[in-house]
Amino acid sequence: MDKYKLLKQYFGYDSFREGQEFLIDNILEGRDVLGIMPTGAGKSICYQIPALMMKGITLVISPLISLMKDQVEGLNQAGIHAAYFNSSLTPGQYRKALCYAREGRYPIIYVAPERLLTEEFLAFALESNIVMVAVDEAHCVSQWGQDFRPSYLKIVEFIDKLPIRPVIAAFTATATKEVKEDIIDLLLLRTPALITTGFDRKNLYFGVMAPKDRYGAVKNYLECHPGDSGIIYCLTRKVVEEVCEKLLKEGFAATRYHAGLTDEERKKNQEDFIYDRSPVMVATNAFGMGIDKSNVRFVFHYGMPKNLESYYQEAGRGGRDGQPAECILLYNGQDVITNQFFIENNQDNKELDPLTRETVMERDRERLRIMTFYCSTNECLRDYILRYFGEYGENYCGNCSNCLSQFETVDVTKMAKALIGCVKECCQRYGMNVIIETVHGADTAKIRGYRMNQNSFYGSLKEVPVYKLRQIMNALLMKSYLALTKDEYAVLKLTEKSEAVLSGEIEITMKMAKEQEHPAKVKTGRKGRKEKMPSGMDFSKKEKSLFERLRTLRMEIARKEKVPPYLVFSDKTLTHMCILKPGTKEEMLRVPGVGEYKFEKYGKQFLEMMRSKGEGR
Ligand code: ADP
Ligand code: ZN
């Protein structure tokens, strides 16, 4: 079967996402690859599809037990034989699984790095045909990253022992230069095909709020989004306890997670969350590594985290299915002090020599400053984050609390006329600064020297602040109402579109930040969210109730089969069922996320339900 058929048949998708096809093709050509893609971009498919096409076994090395289990269950759900070998298996289970593996039953095997060089596993590997080693979370090999795992260094040693070197495919979401180089060097990748896809997660809404009553804000949100699954991150265990207890008292299906609980309780609570028995998780930042739950619809930060890296990683656990999710930070001035305390008392730093320790602390303080600015900026929040990670956004995303509340559409026709008129009257001889200073009425030697104080537009925009004039000027340049020459002294010139502005033929509007003393707003950013479905589309009442019924059916099946609901079908798939209203098998197979196998297993039941209620077309 070719890659497109596999994608449709097993995963139910019609097209590849950015980067996937490139990586798959290179792997199939026998070339090593390194894929740097943000969480939720779809890294797994990049090695799973070639694994199904190659003759032999693919080993997937992953650091996290919970993640392995989830991935393997997901594959089994899709009708693909896969297994995992890690410490969660009893010796009996392990031997049995190894036996099946020897028989060639599993094209894909997940294995913990610690296990690679054990006698039993090695014996199996040496007599099997290992065609690919996929290294997930490959940044764990680097000491530069935050998640260094010494056991990752064993991967190369293991590969060295194999009779034929397999293709090595490495994946990570961490993109700094040092980490990237380390992965290539330490995993001995041979001129890998490399791809880095964008860090922007368009389906995530970003919001900052500074409500007086944080708990009230969360409660209000939960009431408006019944049934939605989400995470509430708190700075300390104590706050986790408080918030969770209050929520439970008020009847919300919440659970908690922090390092102070027993292993047993942590495990249970995590499962309750994953299986949607307790869709709301209140946790410290100890929670989340390796959680692969795709239908997380909101991530609250009940307090400001210590840096933007952590924030983006934690917020990024929302919306992994590509459907809209909301990431809202509830900020309080006190959070800075709490975080400063963490920095000054970081136990991990105690063992460092004084100089290194001071350097590390200074770096952490700087990161905290950047995080704090995020909470008070008036700019587009997404743009702020992307710029921090070295990417350029568009300075207005339309899907963050600042863009939605701090920006307004302003009619700038009058200002545009003055700026363009001023350029025209001085015979297009000057640059941006002179023009802006002129219309602003600057009384300087330069302006007088150029006689711009005699220009009829001199001082005509005295009341508009200079930075705004600059923004308007930039907008005019971007939209080609004016142009700049490319010489050393860039001079403003008219364009063919200039006259239409002067004659009043067109009006010019632009998005501008509102002026406000207090940037962070108390009200939630999004309007009308109550009626919005995970698709972000406005649903009719009827569709909303259909969605609820589909969700209930999904829950029933999940309970019976003892799998997390999102492994039955994702929120996205259910949403598309509401939109497409399939009435036949063919139509059902057109729903993203419904492959042949899943149709037989679950799709039929959904189809029947839709038919019996007369929902299908
Ligand atoms: P990552 O490992 O990069 O964080 P995953 O591999 O877990 O991401 O994929 C995230 C989600 O995206 C999953 O629900 C997966 O099924 C979905 N997905 C992956 N590839 C595609 C695709 N080509 N079309 C639609 N959805 C996809
Ligand atoms: Zn924005």
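Let's start at the ligand: an oxygen atom of ligand 1 is 2.5 Å from an N or O atom in the side chain of S44, a polar contact (a pair of N or O atoms within 3.5 Å). Taken alone, ligand 1 exposes 570 Å², and the protein buries 85% of that (Shrake-Rupley areas with a 1.4 Å probe). This is a predicted model, where local features need pLDDT of at least 70 and side-chain atom pairs count only at pLDDT 80 or more, while totals for chains, interfaces and linings use all residues. Residues are numbered from 1 along each chain as its sequence is written, and side-chain values use heavy atoms, leaving out hydrogens and water.

Two further contacts join in. A polar side-chain atom of Y13 lies 2.6 Å from an oxygen atom of ligand 1, and a backbone N or O atom of S15 lies 2.9 Å from a nitrogen atom of the ligand. In total, 15 residues surround ligand 1, each with a heavy atom within 4 Å of it. Helix α3 (residues 43-53) gives the largest share of this shell, three residues; helices here are DSSP runs of H or I with at least four residues, and strands are runs of E with at least two.

Now for the rings. The whole structure holds 18 aromatic pairs, counted when centres lie within 6.5 Å, with planes under 30 degrees apart called stacked, over 60 edge-to-face and the rest tilted. F85 and F121 are edge-to-face, 6.0 Å centre to centre with 80° between the planes. This pair links strand β3 (residues 82-85) to helix α6 (residues 119-127). Both F85 and F121 are buried, that is, under 20% relative accessible area.

Note on methods:
Chains lettered and ligands numbered in written order. Polar contact = N/O pair within 3.5 Å; in protein donor to acceptor, adjacent residues only side chain to side chain. Buried < 20%, exposed > 50% of the residue type's maximum accessible area, 1.4 Å probe, protein only.
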